[in-house]
Amino acid sequence: MLIFIAKRLGLAIMVAFTVSFISFTLLFLAGDPAAALAGETASGEDIEAIRKLYGFDRPMLVQYFDWLLSAVQGDFGESYYFRLPVSSLIVERLSVTMTLGVCGITFALLTAVPLGVAAAIRPNSLIDRLALFLSVAGQAMPSFWFGLILIVIFAIQLGWLPPSGASSPMHFIMPTIVLGYYAMPAIMRLTRAGMLEVLSSEYIRTARAKGASEGRVLFRHALRNAIIPVVSLAAVQMGFMLGGSIVVESIFALHGAGYLAWESIARNDLPTVQALILVFSMFYIVFTFLADVLNAWLDPRMRSS
């Protein structure tokens with residue numbers, strides 16, 4: 001198991017290094033950052049002065065390794081637009097994004113797991129078809145469209161919930177539903193498939209033959225084993241949700257790290273965009289690594305190796 005974890009850790013470090021290099025170079029290939037900072041009315045002399053001021057005249061590899069060395073130490077430079085350290089901007093906004101991510105994955109688990117279990121207990125029933133419909137709709141429905149529909153219904157027409165902001169727990173209800181609904185289909189399908197497989201196994205039939213109650217069979221034996229891959233999937237989905245919070249935060253005007261990414265892209269704030277790409281990528285890499293470790297720990301064959 002230690003060898004497996006060491007391999008996965010090495011792979012995670014390689015992926016993080018690759019992502020940092022690609023994100024750094026792509027932003028430069030998208031255009032001249034000095035010209036973007038100078039504006040459309042700037043002269044050639046102004047653009048050249050900005051290029052020398054920010055070090056854009058140096059070789060790209062030199063710029064990359066200087067940036068990477070500073071990033072490892074937590075220094076992402078200064079924001080071109082906000083005129084503040086990028087690290088302090090991200091730390092300030094990250095609490096909103098983390099709160100939204102935790103609420104979203106909690107909502108997804110509390111909704112998808114019971115539906116998946118109910119669909120597995122009664123296959124081809126009404127609840128199974130409802131779970132299938134929600135699963136297909138969740139995959140097909142764009143999050144920005146779903147968010148706008150919720151705002152129109154619950155904020156504008158009914159007036160039950162605030163349409164934007166993050167000053168109270170009520171402001172997080174609609175964003176949590178939108179973000180959590182994105183993760184529900186995969187969790188629901190995996191729960192249903194796992195329960196169907198476990199319920200048809202030999203030890204479940206043995207437990208029923210011994211007179212165990214149906215509730216004990218379902219929750220003590222079946223769900224206990226079927227939930228293992230769901231926990232690992234939830235860790236991966238958490239990384240996806242944190243990175244995908246840009247759209248949700250923009251719709252509901254939640255001033256988190258996702259909204260900061262949208263602001264930085266719109267204002268050509270190169271250091272902030274580079275830092276956020278790296279931070280969001282690290283979220284996914286870390287949660288994927290934790291999911292692999294959890295799977296290895298839960299697998300008896302891996303623990304004995």
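Visitor: Which residue's side chain is joined to that of Ser20 by a polar contact of 2.8 Å?
Guide: This is a predicted model: local features need pLDDT of at least 70, side-chain atom pairs count only at pLDDT 80 or more, and totals for chains, interfaces and linings use all residues. Numbering runs from 1 along each chain as its sequence is written, and side-chain values use heavy atoms, leaving out hydrogens and water. A polar contact is a pair of N or O atoms within 3.5 Å; within protein, one must be able to donate a hydrogen and the other to accept it, and residues adjacent in sequence count only if both atoms are side-chain atoms. At 2.8 Å, the side chain joined to that of Ser20 belongs to Tyr64.

Visitor: Is Ser20 buried or exposed?
Guide: Ser20 sits in helix H1; helices (H or I, at least four residues) and strands (E, at least two) are DSSP runs, numbered from the N terminus. Buried means under 20% relative accessible area, exposed over 50%, and partly exposed in between (1.4 Å probe, protein chains only). The relative accessibility of Ser20 is 1%, so Ser20 counts as buried.

Visitor: Which residues does Ser20 contact, leaving aside neighbours within four places in sequence?
Guide: Contact means heavy atoms within 4.5 Å. With those neighbours left out, the residues in contact with Ser20 are Tyr64, Trp67, Leu68 and Leu278.

Visitor: How far apart are the C-alpha centres of domain 1 and domain 2?
Guide: Domain 1 covers 1-85 and domain 2 covers 87-302. Such bounds come from an automatic or database domain assignment. Between the two C-alpha centres, the separation is 31 Å.

Visitor: What area do domain 1 and domain 2 bury between them?
Guide: Buried area is the accessible area (1.4 Å probe) that two parts lose on being put together, summed over both. Here 76% of it falls on carbon and sulfur atoms. The area buried between domain 1 and domain 2 is about 2500 Å².

Visitor: Which helix supplies the largest share of the side of domain 1 that touches domain 2?
Guide: Across the interface of domain 1 and domain 2, four residue pairs are in polar contact, both residues at pLDDT 80 or more. Helices H1 (2-29), H2 (33-38) and H4 (60-72) each give at least two residues to the side of domain 1 that touches domain 2. The largest share, 13 residues, comes from H1.

Visitor: How many salt bridges are counted between domain 1 and domain 2?
Guide: A salt bridge is a side-chain nitrogen of Lys or Arg within 4 Å of a carboxyl oxygen of Asp or Glu. By this rule the model has three salt bridges. Between domain 1 and domain 2, the count is zero.

Visitor: How many residues apart in sequence are the parts tied together by Arg93 and Glu263?
Guide: The side chains of Arg93 and Glu263 meet in a salt bridge of 3.2 Å, N to O. Arg93 lies in helix H5 (residues 86-121) and Glu263 in helix H12 (residues 257-266), so the pair ties together parts whose separation in sequence, in residues, is 170.

Visitor: Which residues do salt bridges with shared partners join into one network?
Guide: Glu263 also forms a salt bridge with Arg267, the closest N and O atoms being 3.6 Å apart. Arg267 is partly exposed at 35%, whereas Glu263 is buried at 8%. The network joins Arg93, Glu263 and Arg267.

Visitor: Which helices hold Asp128 and Arg192?
Guide: Asp128 and Arg192 form a salt bridge, with closest N and O atoms 2.8 Å apart. The pair ties together parts 64 residues apart in sequence, because Asp128 and Arg192 lie, in that order, in helices H6 (residues 126-140) and H8 (residues 173-199).
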